[in-house]
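Please keep the sequence and the model at hand while reading.

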Amino acid sequence: MKVHILDDWFDTLRTLPSFAKLDGHDVTVWTDHTEDIDTLAERLAEAEALVLFRERTAITGALLDRLPKLQLISQRSVYPHVDVEGCTRNGVLLCSKMGGGGFSVAAAELTFALILASARQIPQQMASLKAGNWQLGVGQSLSGRRLGLYGYGKIAGQVAKYARAFGMEVVWWASEDGRARARADGETVADSREAFFADSDFVSVHVRLKPETRGLITAADLAAMKLTASFINTSRAGLVEPGALLAALQAGRPGRVAVDVFETEPLTDPDDPLINHPNFIGTPHIGFVTEDELDTQFADIYDQIVAFAAGEPIHMINPEAQGR
């Protein structure tokens with residue numbers, strides 16, 4: 001098959017062991033990013049299978065209508081960036097492995113890195129050192145402090161392990177079902193949503209972005225946090241009410257924000273007021289961007305292509321597209 005891969009910005013995938021799964025296929029890798037539909041339609045005109053690099057490029061119905069040779073889109077996890085109806089209308093099968101036994105260790109590691117960076121003001125201290133000012137201020141130890149984890153899932157569970165190794169107290173909040181599972185597992189659940197935000201020294205959110213979770217974290221939630229607390233988000237920016245992070249920092253509650261996800265991605269405006277706030281720490285959505293994580297994820301994506309080429313597709317989202 002003629003396989004096209006979008007948005008492999010550092011040309012990493014071909015260097016990983018999993019890439020060998022595509023042996024025998026005609027593979028084209030695009031290492032830049034474009035949102036222009038005319039450019040995409042021209043580039044992908046010969047594509048029979050399209051590999052998506054997470055949610056970096058939106059696949060709209062208008063684009064799909066201009067790709068008559070496309071048969072398969074292969075990716076992993078949620079697909080809010082893909083017009084599924086447009087896929088079905090054009091006879092394009094969307095395959096996406098939605099879960100399984102694993103989870104993103106890389107995302108959990110970055111979460112804890114941001115917790116440490118926020119507690120010890122690492123980026124700000126580095127900037128002070130480079131400016132010839134030596135120490136900037138006084139940081140926080142993690143031992144004995146409370147980490148509030150919002151969302152009772154596998155990534156949050158791994159973050160909890162790291163936190164306990166540092167001597168932190170872990171408290172949970174989640175959906176009603178998530179809170180019930182946490183209690184059944186013997187975990188500590190906050191007495192209320194209000195107490196969860198008000199009493200935590202660090203709050204980290206680990207929830208899937210779905211229509212019902214969009215804007216889950218409100219300005220009122222953030223305003224309830226301590227002046228000395230930190231809010232961490234390595235999940236999705238859409239989980240937080242639009243504009244609430246900057247407003248919270250300007251109001252001083254919580255005292256610090258550290259995130260890996262943004263309302264606009266890629267964020268390339270150096271004058272953006274959020275990233276320039278002195279109490280903000282940010283990374284450019286690198287939670288899953290490690291060689292190990294990408295090799296694992298794309299092995300699944302390539303398996304979907306191999307299965308499709310063999311006439312036995314797996315992880316089908318819209319099986320009704322077959323035969324159209």
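The model is predicted, so local features need pLDDT of at least 70 and side-chain atom pairs count only at pLDDT 80 or more, while totals for chains, interfaces and linings use all residues. Residues are numbered from 1 along each chain as its sequence is written, and side-chain values use heavy atoms, with hydrogens and water left out.

**Pockets and cavity**

Spaces are searched on a 1 Å grid over the protein atoms alone: a cavity is a set of points where a 1.4 Å probe fits but cannot get out, a pocket is an open set with protein on both sides within 12 Å along at least five of seven lines, and lining residues have an atom within 4 Å of a point. Grid points are joined across faces, edges and corners, and a volume is the space filled by probe spheres set on the points. For the linings, Ala, Val, Leu, Ile, Met, Phe, Trp, Tyr, Cys and Pro count as nonpolar, Asp, Glu, Lys and Arg as charged, and the others, Gly among them, as polar.

| Space | Volume | Lining by class |
|---|---|---|
| Largest pocket | about 1200 Å³ | 14 nonpolar, 18 polar, 14 charged residues |
| Second largest pocket | about 880 Å³ | 16 nonpolar, six polar, nine charged residues |
| Largest cavity | about 30 Å³ | three nonpolar, three polar, three charged residues |

The lining of the largest pocket has 46 residues, and nearest its centre are Ser 77, Phe 103, Ile 155, Val 207 and Arg 208. Helices (H or I, at least four residues) and strands (E, at least two) are DSSP runs, numbered from the N terminus. Helices H4 (105-120), H6 (154-165), H7 (176-184) and H11 (291-309) each supply at least two residues of the lining of the largest pocket. H11 gives the most to this lining, with five residues.

The second largest pocket has a volume of about 880 Å³. It is lined by 31 residues, of which Glu 55, Phe 262, Glu 265, Pro 266 and His 285 are the closest to its centre.

The structure holds one cavity of 30 Å³ or more. Leu 6, Asp 7, Trp 30, Asp 32, His 33, Thr 34, Leu 40, Arg 43 and Thr 57 line the largest cavity.

**Nonpolar cores**

Buried means under 20% relative accessible area, exposed over 50%, and partly exposed in between (1.4 Å probe, protein chains only). A nonpolar core is a set of buried Ala, Val, Leu, Ile, Met, Phe, Trp, Tyr and Cys residues joined through side-chain atoms within 4.5 Å. The largest nonpolar core has 52 residues, and Tyr 150, Ile 217, Leu 222 and Phe 231 have the most contacts inside it. H4 gives the most to this core, with seven residues. A second, separate core has 20 residues, including Val 29, Phe 53, Leu 72 and Ile 301.

**Strands**

Two strands pair if DSSP finds at least two bridges between them. Strand E6 (residues 146-150) has four of its five residues buried. E6 pairs with strand E7 (residues 169-173) in the parallel sense over five bridges. Arg 146 stands opposite Glu 169 in E7, and Tyr 150 stands opposite Trp 173 in E7. E7 is largely enclosed by the rest of the structure, because four of its five residues are buried.

Strand E4 (residues 72-76) is also largely enclosed, because four of its five residues are buried. Strand E3 (residues 49-51) pairs with E4 in the parallel sense over three bridges, and Leu 72 in E4 is the bridge partner of Ala 49. E4 and strand E5 (residues 93-97) run parallel and are joined by five bridges. In E5, Leu 94 is the bridge partner of Ile 73.

**Single residues**

Val 205 lies in strand E8 (residues 202-205) and is buried, with a relative accessible area of 0%. Contact means heavy atoms within 4.5 Å. Leaving aside neighbours within four places in sequence, Val 205 is in contact with residues including Tyr 150, Ile 217, Phe 231 and Leu 239.

Gln 250, in helix H10 (residues 244-251), is exposed, with a relative accessible area of 58%. Gln 250 and His 277 are 27 residues apart in sequence and 8.3 Å apart in space, C-alpha to C-alpha.
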